[in-house]
Amino acid sequence: MRWFLSVGAVLAAGVTGDNVDLASRSGSDPFTPSRSRWPGGLHLAVDYYPSHWPESMWEPDVARMRDANISYVRVNEFDWAVLEPTEGQYNFTLLDQTVELLGRYNLKAIIGTPTATPPNWLTEKYDVAFVDKTNTTRLFGSRRHYSFSSFDYHTLSQNITRTLAQRYGNNSNVVAWQLDNEFGCHDTTRTYDHNAVSRFRIWLQQKYGTIENMNRIQGRVFWSSQYASFGTVHPPMLEVAAPNSLHTLDWNVFSSDMIIDFAKEQVQILRQYAPNQAITTNFMMPFFDFDHYKFGREVGLDFATYDEYPLGATQQFSWLSPEQETAYLRTGIIDCQAFHHALYRSISGSAYGTTAGPFGIMEMQPGVLSWNTYRVSPLPGMVRLWTHETFAASGDMVNYFRFRQVPYAQEQPLSGLFTSDNMPDVGFSELQMVADEDLPILRDAGISDGGQGDVALVFDYISNWMWDLVPYSGGSSPNTQVSVLHACQYFDVVYRFYSALRRLGLSIDVISPEQALDNYKMVVVPSMPFIHEAFNTALASYSGPVVFGPHTGSKTAALSTDLNLNPGNGTLGQRLPMRVSRVETPPDYAHSGVTYAGTPYNISGWEENLACTRGNQSSNVTITYTTRHLLGRPAACTKDGLHYIAFKPPVELLIAYLGEIAASNNLTDLTGKAASQDNDLGDSLRLARRGDLLWVFNYGLESVASPNVTGAELLLGESGDIPSVGLAVWQLPAQD
């Protein structure tokens, strides 16, 4: 009954709402998140799996960790079969020895709940199987082979979590707990087993009340797809043509809620038996299959972490040009890591009702990967640079995956800090440089939180799903639900705006639509098809400049086109007179374009037929089309500080457009200079600031002139140009 009540509470708040009173979280209640549980500062960590190695190696390995100035060691997240080889029969010998050994060398453990790898006795006896979108039951033999909707698995997960928490919850050698491992990895967020179907039907009934109401709101009169009862409803799968879009959105939200419900059960147990130990989970990059903001608000993590594999991210972006793929092959996409630092810092803040909270990296790439198409080494210096990027973004921990390369099983090509013959690998030498040379200088200089940024970029998981579910280009297979050949994707648009802001050297936070806009000097919304009620309310009282990208305000909560056309009747529509009557997604060879401030730009992938009028109201045209059939027509509108861009904008255009807005609103860049498009840092140089420390990073293959930082003291790096894959750190003068 507990589950039914929790789902009902979630649904009562609507698709994107929740019932968590964040303002009441003081941190003194052992059942709420608290920053005090997680030690701040600059910490290095490593993953270690004693079960993979002879016992004779354990103590020398741990001694090496201590000598490398490592603080924390993550263990156990895949060891359920070791801990409970048969049902109800526990063997804690290995974990006891590990935790004791770490403590003896002044290291602390981060214990993973081992629920990502249910053991064979469990999968043979209980109804836990994961069923994929092709209705195939996945078998035992790897990991994540369970359903978040399985009633049996909820019970079994709670049992192993409780047993571990009771044993180690007051152990002074344990600093934190990690929930499961990479929730949703391997396309496991959405499971189509019979337990999921049953729970989905209840979820829908509690949302819509009656089947007639559901049929009406989902628009099922189209194609005569009305259901006769909730008992006949199925998830969107194996249909002949495209499934109903709102039904698929409901399925996505439901599946996200199942992960949240599963995680909350583990947290409740850990709070009871380990009240002074921190709780986190390891999210991923780039991964948007469930709503991490809602997870943060409802689960209540003490700090957020994610797994950073920069060279694995490049293959996930179909919109990268061949030139960009070449440039980023051994460095990772230049602004992708920084974006995710900002995203997870914000997700951590969502647990506290703020825009930022403590975060770190739970798995950092130290060398070659084992899953991307082309497996290459990072350029020498990149592991050090990625580590510094985390700390510059106010991160507290970088954990390297893993201590030693494993010579058997599924991840043999994946590098560790040591090779399988126990010799130091390249990543370890860069860790040592950070630990021995860099961190002492940074700690002596004093480390503080970065504070709130000047610019808020709004990111929204629901918007990401909406872009996929009503595609204006390409399509998807009804059998696999895989979107293909989209000319424009949500994260493509988001990344362009974020990259332009970084090239301008501005201070940027990534926030959700539910987080406050207070004290931001500028707000950027790359796209938000449905404008959330919380954001609409915040927008109504915000007086600063706001820039909206395409496809914003175009949909209702039911994922239908607003009958008033884009941007509907909310604050945006009331304050910015405009109207979008058509969307096109032209290819590169269509030669679409726009002109801004006398400069022409090529565009492709998304362009809207825009009028800067609505009724008897009008707004100002700032950009016009050069596309042949739209020649001279508006491509962007503005009025009273609100801006709307009706196409997929090139980064170079955004640098000019956003730079002008930032300059006219008296923003400054991270070096203290007045904001201007003339401050463009180019393709390889980036800035980050934490308190009075300013980092400069060079992702490029050539040295780059350092920015002029007046009156600052150089702490790390050499004066002059920043070398390829190099960095420098300045301490800025005290502000008056």
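Reader: What should I keep in mind before I start?

Author: This is a predicted model, so local features need pLDDT of at least 70 and side-chain atom pairs count only at pLDDT 80 or more, while totals for chains, interfaces and linings use all residues. Residues are numbered from 1 along each chain as its sequence is written, and side-chain values use heavy atoms, with hydrogens and water left out.

Reader: Let's begin with strands. Which strands pair with β23, and in which sense?

Author: Strands of a sheet pair through backbone hydrogen bonds, either parallel or antiparallel. Helices (H or I, at least four residues) and strands (E, at least two) are DSSP runs numbered from the N terminus, and two strands pair if DSSP finds at least two bridges between them. Here, strand β22 (residues 620-625) runs antiparallel to β23 and is joined to it by four bridges. Strand β24 (residues 642-645) also pairs with β23 over four bridges, again in the antiparallel sense.

Reader: Why is β23 described as largely enclosed?

Author: Buried means under 20% relative accessible area, exposed over 50%, and partly exposed in between (1.4 Å probe, protein chains only). Strand β23 (residues 634-639) has five of its six residues buried, so the rest of the structure largely encloses it.

Reader: On to charges. How many salt bridges does a search of the whole structure find?

Author: The search finds 31. A salt bridge is a side-chain nitrogen of Lys or Arg within 4 Å of a carboxyl oxygen of Asp or Glu. Take R74, which bridges to E77 with the closest N and O atoms 3.0 Å apart. R74 also forms a salt bridge with E363, where the closest N and O atoms are 2.7 Å apart. E363 belongs to strand β8 (residues 359-364) and R74 to strand β2 (residues 72-75), so this pair ties together parts that are 289 residues apart in sequence.

Reader: Are R74, E77 and E363 buried or exposed?

Author: R74 counts as buried at 0% relative accessibility. E77 is buried with a relative accessible area of 0%, and E363 is buried with 4%.

Reader: How do I read an open sheet? What is the strand order?

Author: Four strands form an open sheet with antiparallel pairing, in the order β25-β26-β28-β27. The edge strands, β25 (685-690) and β27 (713-716), each pair on one side only. On average, neighbouring strands of this sheet are turned by 25° against each other, direction ignored. Axes are lines fitted to C-alpha atoms, for helices over the stretch in contact, and angles run from 0 to 180 degrees between N-to-C directions. Strand β27 and strand β28 (residues 727-731) run antiparallel and are joined by three bridges; E713 has Q731 of β28 as its bridge partner.

Reader: Which helices lie on this sheet?

Author: Helix α14 (residues 382-392) lies across β25, β26 (693-698), β27 and β28, and runs at about 145° to β26. Helix α15 (residues 426-445) packs on the sheet too, touching β26, β27 and β28, and its direction makes about 140° with that of β27. Contact means heavy atoms within 4.5 Å.

Reader: And how do I describe two packed helices?

Author: Two packed helices are described by the angle between their axes and the distance between the axes. Helix α9 (residues 245-273) and helix α16 (residues 461-469) pack at an angle of about 145°, with their axes 10 Å apart. Among the residues making the contact are L249 and V253 of α9 and W465 and M466 of α16.
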